[in-house]
Amino acid sequence: MLRGKTRREQGAYAGGTDRCGDDPLDAAQERRVRAVLALGGVPQSDLPDGVQQVRLRLLERVASGREAPRDVSAWAAVVASNLAMDWHRAKRRQERLGERLAALGEPAHPSGEESSLLSLAVARGLDELPAAQRQVVVLRFFADLPVRGIAEELGIPEGTVKSRLHTAVRALRDRLHEDEVV
């Protein structure tokens, strides 16, 4: 984790030398980034590119002379969330995620039918949320960031995070009741 390294060691990233394969993201942070991207709707085939984008942004931040983030893990989760939102915007121009999921039809494994229906309904519900609400839901419930951490990383008041979470959860709950999933 960059946070624990000295300025001189951080400068190795800025100088373009890769000190014996050092990676700005440790394994746990990379898993968290992958999870946030996947839960944000990014396909499995695009996850390695998303992880690389997070690494690149961290290295660019250090190379530009700015201090490394206090909590690299939280910072990386927010960057991954933003990348997922960007991916959704591009994808939405081609087709809506909800249409793709609805076209899947019957689940492949009947034993997990209820679970599949719930997953589809939640995915559809997340897709219908405004981007700002979707972002706080993913960061809170899928990346496990506390409200305070989300507020700090997004640069918004904690009350705004709470309000967006409340509105989003209510909308998702209503969606699940409409679809008669719960």
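A residue counts as exposed when its relative accessible area is over 50%, as buried when the value is under 20%, and as partly exposed in between. The exercises below concern a predicted model.

**Exercise 1.** Determine whether Arg148 and Glu158, which form a salt bridge, are buried, partly exposed or exposed.

*Solution.* The closest N and O atoms of Arg148 and Glu158 are 3.3 Å apart. Arg148 has a relative accessibility of 53%, so Arg148 counts as exposed. Glu158 has 31% and therefore counts as partly exposed.

**Exercise 2.** Apply the same cut-offs to the salt bridge of Glu128 with Arg175, and locate both residues.

*Solution.* The N to O distance in this pair is 2.7 Å. Glu128 belongs to helix H6 and Arg175 to helix H9, so the bridge ties together parts 47 residues apart in sequence. With a relative accessible area of 44%, Glu128 is partly exposed, while Arg175, at 15%, is buried.

**Exercise 3.** Describe the salt bridge between Arg55 and Glu30, and name the network to which these residues belong.

*Solution.* The two side chains meet at 2.6 Å, N to O. Arg55 lies in helix H3 and Glu30 in helix H2, 25 residues apart. Arg55 is buried at 13%; Glu30 is partly exposed at 21%. Glu30, Arg34 and Arg55 are linked in a network of salt bridges.

**Exercise 4.** Classify the packing of helices H7 and H8 by angle, and list the residues in contact.

*Solution.* The helices pack at about 130 degrees, with axes 10 Å apart. This makes H7 oblique to H8. Their crossing is right-handed. Gln135, Val136, Leu139 and Arg140 of H7 meet Val147, Ile150 and Leu154 of H8. By class, the contact has 5 nonpolar, 1 polar and 1 charged residues.

How values were computed
Residues numbered from 1 in each chain as written. Predicted model: local features only at pLDDT ≥ 70, side-chain atom pairs only at ≥ 80, totals over all residues. Heavy atoms only, no water. Axes fitted to C-alpha atoms, helices over the stretch in contact; angles between N-to-C directions. Helix = DSSP H or I, 4+ residues; strand = E, 2+ residues; numbered from the N terminus. Parallel < 35°, antiparallel > 145°, perpendicular 65-115°, else oblique. Left-handed = near helix turned anticlockwise from the far one by under 90°. Contact = heavy atoms within 4.5 Å. Nonpolar A, V, L, I, M, F, W, Y, C, P; charged D, E, K, R; others polar. Salt bridge = Lys/Arg side-chain N within 4 Å of Asp/Glu carboxyl O. Buried < 20%, exposed > 50% of the residue type's maximum accessible area, 1.4 Å probe, protein only.
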